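Please examine the sequence and the model shown below.

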Amino acid sequence: MVSWPLVILFGDSITQFAFETNAWGASLANKLVRKCDVVNRGLSGYNSRWAKIILPKLISKSFENIAAVTIFFGANDSSLKEENPQQHVPLEEYAENLRSMIQYLKSVNVTQGKIILISPPPIHEPSWEEHCHSKGYKLNRLNSAAGAYAKACVQVANECGTDVLDLWTLMQERGQDYTEYLSDGLHLSDKGNQFLESNLWPILENKLGALPFILPYWNDVDFKNPECCLLHNSTEKAED
């Protein structure tokens, strides 16, 4: 069997939605076509506590060719305990859950150099409050809380030696209007998906750019004897 290296996207709804039209995961999959399989393991509504429990069911030592794993939690963890106790995870536990997931991945031979943490994005409170009211409940997230969890995410990455993409900070740099990156005050808009992909891609490209094309380029196949190169040469340099 010809096997493709795996890029696994692990996260909450922002990851689950990543394969929608023009979304960040779909864009990455397109850039990595014939180099890696991009696997979506987004679980809408999940927090880091549940993610830590389920991770061993999703990734094990049987995965022999993992090229990269993104861990993207915090948007649900950072919800307000008094308004959303089901999803809320205390800040210190959130950080410890991230550490635990990194340690687990290392135990199944996914080194820290293959792991990328992604912080929660900022919250636009007026938009998210409107969404909450439409569902019959009160505002349950604050941008300042999301920022505290983003900071913890960065700290864990620095401690553990993984890459990190601090969306919360990047989307608000220099006082820019970050609301265009959000569709409902929490989830990503088309521009937000583009922003995430454009900032994540350089990190992935640094890790995966040297990977070869899987199976020879069509023009390199010996049409008189295709079995020779197709059955004995599974990789080829990408077309310029």
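Phe63 has a relative accessibility of 28% and therefore counts as partly exposed. In this predicted model, Phe63 lies in the loop between helix 3 and strand 3, the latter comprising residues 66-72. Leaving aside residues up to four places away in sequence, Phe63 touches Leu6, Ile8 and Leu58.

Asn22 is a residue other than glycine with a positive phi, near 65 degrees. Its loop is the one between helix 1 (13-16) and helix 2 (24-31). With a relative accessibility of 52%, Asn22 counts as exposed, because the cut-off for that class is over 50%. Leu215 likewise is not a glycine, yet has a positive phi, of about 70 degrees. Leu215 is located in the loop between strand 6 (213-214) and helix 9 (226-232). The relative accessible area of Leu215 is 27%, so this residue is partly exposed.

The description now turns to helix packing. Two packed helices are described by the angle between their axes and the distance between the axes. Helix 3, residues 48-58, packs on helix 4, residues 91-107, at an angle of about 15 degrees, and their axes are 9 Å apart. Angles under 35 degrees count as roughly parallel, and helix 3 and helix 4 are therefore roughly parallel to each other. The crossing of helix 3 past helix 4 is left-handed. On the side of helix 3 the contact is made by Ser48, Arg49, Ala51, Lys52, Leu55 and Pro56, while helix 4 contributes Glu93, Tyr94, Asn97, Ser100, Met101, Tyr104 and Leu105. By class, the residues of this contact comprise seven nonpolar, three polar and three charged.

Helix 4 also packs against helix 6 (residues 143-160), here at an angle of about 35 degrees with the axes 10 Å apart. The crossing of helix 4 past helix 6 is right-handed. Helix 4 takes part through Leu91, Tyr94, Ala95, Leu98, Arg99 and Ile102, and helix 6 through Ala148, Tyr149, Ala152, Cys153, Val156, Glu159 and Cys160. Which classes of residue make up the contact of helix 4 with helix 6? Eleven are nonpolar, two are charged and none is polar.

A further pair is formed by helix 2 and helix 8 (residues 190-208), which pack at an angle of about 40 degrees with their axes 9 Å apart. That angle makes helix 2 oblique to helix 8. Their crossing is right-handed. Trp24, Ser27, Leu28 and Lys31 of helix 2 meet Asn193, Leu196, Glu197, Leu200, Trp201 and Leu204 of helix 8. Six residues of this contact are nonpolar, two are polar and two are charged.

The cysteines complete the account. A disulfide is a covalent bond between the sulfur atoms of two cysteines. How many disulfides does the structure hold? The number is zero. Cys228 is in no disulfide, and the nearest cysteine sulfur, belonging to Cys229, is 6.4 Å away. Cys228 counts as partly exposed, at 43% relative accessibility, whereas Cys36 is buried, with a relative accessible area of 4%.

Terms used: Residues are numbered from 1 along each chain as its sequence is written. This is a predicted model: local features need pLDDT of at least 70, side-chain atom pairs count only at pLDDT 80 or more; totals for chains, interfaces and linings use all residues. Side-chain values use heavy atoms; hydrogens and water are left out. Axes are lines fitted to C-alpha atoms, for helices over the stretch in contact, and angles run from 0 to 180 degrees between N-to-C directions. Helices (H or I, at least four residues) and strands (E, at least two) are DSSP runs, numbered from the N terminus. Angles under 35 degrees count as roughly parallel, over 145 as roughly antiparallel, 65 to 115 as roughly perpendicular and the rest as oblique. A crossing is left-handed if the near helix is turned anticlockwise from the far one by less than a right angle, and right-handed if clockwise. Contact means heavy atoms within 4.5 Å. Ala, Val, Leu, Ile, Met, Phe, Trp, Tyr, Cys and Pro count as nonpolar, Asp, Glu, Lys and Arg as charged, and the others, Gly among them, as polar. A disulfide is a pair of cysteine sulfur atoms within 2.5 Å. Buried means under 20% relative accessible area, exposed over 50%, partly exposed in between (1.4 Å probe, protein chains only).
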